[in-house]
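Thanks for coming, everyone. Please bring up the model on your screens. I will keep this short.

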Amino acid sequence: MALLNINNLRIEFPSRHGTVVAVDDVSLNVQPGEVLGVVGESGAGKSTIGNAVIGLLEPPGEMTEGHVLLKSEQIDTLSLEEKRKIRGRRIGMIFQDPLTSLDPLQTVEQQLVETIDLHLKLGEAKSQERAVDLLRQVGIPEPELRIKNYPHQFSGGMRQRVVIALALCAEPEVIIADEPTTALDVSIQAQILELMRRLCKDKQVGMLIITHDMGVIADITDRVAVMYHGKLVEEGTTEKILGNPDHPYTQSLISAVPRPDVRLRRFPMVNYIEEEGERTKDLDLSTHWLGQARDFDAVEGPLLSLKNLVMTFVTKPAFLKRNRIMFNAVDDVSFDINQGEVFGLVGESGSGKSTVARMVCSLYTPAAGEVNFAGTDLTKIKSQNELDYYRRQMQMIFQDPFSSLNGRMKVLDIVAEPIRFHKLASSNQEVEQIVMDLLDHVGLGAQAAVRFPHEFSGGQRQRISIARALATRPRFLICDEPTSALDVSIQAQVLNLLKDLQEELGLTMLFISHDLPVIRQMCDRVGVMKMGKLVEVSATEDLFENPKAAYTKELLDLMPRLDKLSHEGLELEDA
Amino acid sequence: MEQAIEKSRLQRFLDGDLWHSFKRNPVAIISFIVTVIMIAAAAFAPLIAPHDPFNLAAIDIMDASVPPAWQEFGDPRFVLGTDDQGRDIFSTILYGARISLIVGFASVIFAMVVGISLGLISGYVGGRTDAFIMRIADIQLSFPSILIALLIDGVARGVVPKEMHTDLSIYVLIFAIGVSGWVQYARTVRGSTLVEKNKEYVQAARVIGIRPLTILWRHVLPNVMGPVMVIATIHLALAIITEATLSFLGVGVPPTTPSLGTLIRIGNEYLFSGDWWITIFPGVALVILVLAVNLLGDWLRDALNPKLR
């Protein structure tokens, strides 16, 4: 008998639109000292399993079949009071966001000592000793002093260490960790995972770690269970699942993970996931509206040239200008993008990369510098009508597919808006035909036009965004983290689509991302930004093989290593 | 095939959460029915009312102060009795509710138009424009709204020539109540606009080149209307009460066009002489109307924003 057994678990969420089966006939077991990873995309039911084990299933969800055994003792049938006693005492929990898992009004000491005393009944002095000892074990320097601090006085990584200490304080037999590192930076993620793995081995604790991230799986787990639509599709040792998966879903999931080490021509095998089909209709671009000759001026030299761009934000507003406190979000940035090129801009959050994009498309007015597009400095243009001519040539795809579409408008009107505004078609009938062709072209199907955005998934919404951006027949496309809100398989589909469109239409792109592997797949040249400054611009392959700036090296070192992942079926880009 | 996918507005409404929540809430259903009945009764007053209280020829002073029909000396022609001039109370309530509702709806719409416009501009433009509009709102909020309505009414009486008082008084009343209520809308809309204008769909519209006024009208306005509808419903009840209060104080509609408030005032003078029906029945009608509208507003608020509970 294993430490933790989950047998034939079935969890249903009844709703007035019918019952949703979140988890369907799932059996798992965890041995002492073992790390079991549960991996899957959003909606796969992986978190629901974790919640069911600790007895915190959100209503109206209920376990309709199966049981959970902890050391052969059935725990899912216990009363609420008994379940509460098991939680924390025998099953520890680590949640995603370390800020919300700690009480901001209590010091770390109060929280730890209270929990230890409650579960182990050691008395105050002994509990305090143990609390300090725990903080030392999870790697917090000077634990005797730090224990007096409040949660907000710790950094994100340190705070997650405190959460781990809190999970460990009653010496639980099993730990459930739900996306424990998703809210953390990559560098801290590696340390936390190492810590969790070591503690698990030392104390012979069984760990169930729930994540969507193949990097985490590769780093920490012994065995992996792959979930898809509530079902367990495959289970096995980490080496086997990552290196030689049997199930087609696992294969497609692994092939969709962007690799830091190689550049692919396209992501293969991403059709397993039931999105709406890939291209349903190909357009003959030589005759279709979308491919027709555009009335744009021909350009010599780079299409976009930024010169000494500066953007300042007010951090402390005041009525008088001289009392305001300013902050340079973008500081003296210059680079060129040639025609037909995909230029990547990479950097951590707050590095100013999105601000650059917003200045290029005139959403922000730069404090200083030039935005030269097709030989014209856009910052000098005062008339809106004159600017419209340039706006038509450049469009933007936004990060969040849930807020980038107006929920009160039909997809038809959303995609038609730029065509109507710029009067690119002569009749309403023609507009509708163009919209339907566009929707077809991005793989949604023309029927999508009469529906509302909320009827679509994140990936489909991003396709609508792309269709809207193409609707002005632009020659320059700005993609601001276009896939960071999407699941990995959907991300692969959207990246494939962007690549195809770029080639077909000869688009020039500014591609912004914090994700280096994605940058490697998409871009010809890359600029690296740090705190508003551009620290390096190199051809993509050069950047990955021979980084020049120290900061670039640092970023590259922090990338998750995915060497264990199967390379089967990948088409590499010709060097 | 497209027709099959495209749902009609009615179908989408019937599938929606709002209708679902309405169906399961008896209080909402009852208050909705009561509101609809009262509005219909007021709207069709000339058809329903047994007497015309404005037709001087039909009023007989001999019928003055007749008690309700079931009481001693009651007259079956006057179910709820008559007032001091012989007007049928039931008919007068119907006509009075009409004035009350017209003033209520009109002043709510007036306040909505002013409040939403200023709120949208304030939130979208920001900076000094925002500061200016919001400071005015703050100043107005530091006075009780009834005082502002009284003030506007008083000023209007001073400015408008005397012979036009009777004709204009209802418009003045609408203006006064409307102006005293715009701040609520402006503040709510400004708050929602601040959130919406930073959403990416607004930025996408700006990248296309859409002009600010079109963005406000087509993109922002539909997305900030939810909370506005809630305030409007609750404000309607408040506007009806304010109208009644002003009329009770004698600064509202002239006594020749009785609203619920004027009726209560007229009855108030006879309350201690035993003619209780003149004031009680219009009072009860006012309470029922306001309560129904208010409960409807409460339900709407809970249904649209479950977190506010």
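Predicted model: local features only at pLDDT ≥ 70, side-chain atom pairs only at ≥ 80, totals over all residues.

Start with chain B. How many helices and strands does chain B have? The count is 14 helices and zero strands. The C-alpha atoms of chain B fill a box of roughly 75 × 55 × 35 Å, taken along the principal axes. Chain B has 309 residues, and 41% of them are buried. Now take its contacts with a separation of 6 or more. Of those, 69% join residues 24 or more positions apart.

Next, two helix pairs in chain B. The crossing is left-handed. Which residues of α4(B) meet α14(B)? They are B:V27, B:A28, B:S31, B:F32, B:V34, B:T35 and B:M38. On the α14(B) side, look for B:I288, B:L289, B:A292, B:V293, B:L295, B:L296 and B:W299. By class, this contact has twelve nonpolar residues, two polar and no charged.

The second pair is α10(B), residues 182-197, with α12(B). Here the angle is about 155°, and the axes are 9 Å apart. Are these two helices roughly parallel or roughly antiparallel? Roughly antiparallel, because angles over 145 degrees count that way. The crossing of α10(B) and α12(B) is right-handed. From α10(B), the contact residues include B:Y185, B:T188, B:V189 and B:E196. From α12(B), they include B:V220, B:V224, B:P227 and B:I231. This contact divides into seven nonpolar, six polar and two charged residues.

Now to where the chains meet. The contact takes 17 residues from chain B and 23 residues from chain A. Which elements of chain B give two or more residues to that side? They are α1 (2-5), α11 (200-208) and α12 (212-249). The largest share, seven residues, comes from α11(B). The chain B side has seven nonpolar, five polar and five charged residues.

Last, the core. In soluble globular proteins, nonpolar side chains tend to be buried together. In this model, the largest nonpolar core has 232 residues. The members that touch the most other members are A:A165, A:M207, A:V415, A:L439 and A:L510. Which helix gives the core its largest share? That is α6 of chain B, residues 89-125, with 17 residues.

Let's zoom in on A:L439. Setting aside residues up to four places away in sequence, A:L439 touches A:V415, A:L444, A:G445, A:A446, A:A448, A:A449 and A:A467.

Follow that last one, A:A467. It lies in helix α15 of chain A, residues 458-470. Is A:A467 buried or exposed? Buried, because 23 other C-beta atoms lie within 10 Å, and the cut-off is 20 or more. Again leaving out neighbours within four places, A:A467 is in contact with A:V415, A:L438, A:L439 and A:V442. One more distance: A:A467 and A:V411 are 56 residues apart along the chain, and their C-alpha atoms are separated by 10.0 Å.

Conventions. Residues numbered from 1 in each chain as written. Chains lettered and ligands numbered in written order. Core = buried A, V, L, I, M, F, W, Y, C linked by C-beta atoms within 7 Å. Buried ≥ 20, exposed ≤ 12 C-beta atoms within 10 Å, placed from the backbone. Helix = DSSP H or I, 4+ residues; strand = E, 2+ residues; numbered from the N terminus. Contact = placed C-beta atoms within 7 Å. Nonpolar A, V, L, I, M, F, W, Y, C, P; charged D, E, K, R; others polar. Left-handed = near helix turned anticlockwise from the far one by under 90°. Axes fitted to C-alpha atoms, helices over the stretch in contact; angles between N-to-C directions. Parallel < 35°, antiparallel > 145°, perpendicular 65-115°, else oblique.
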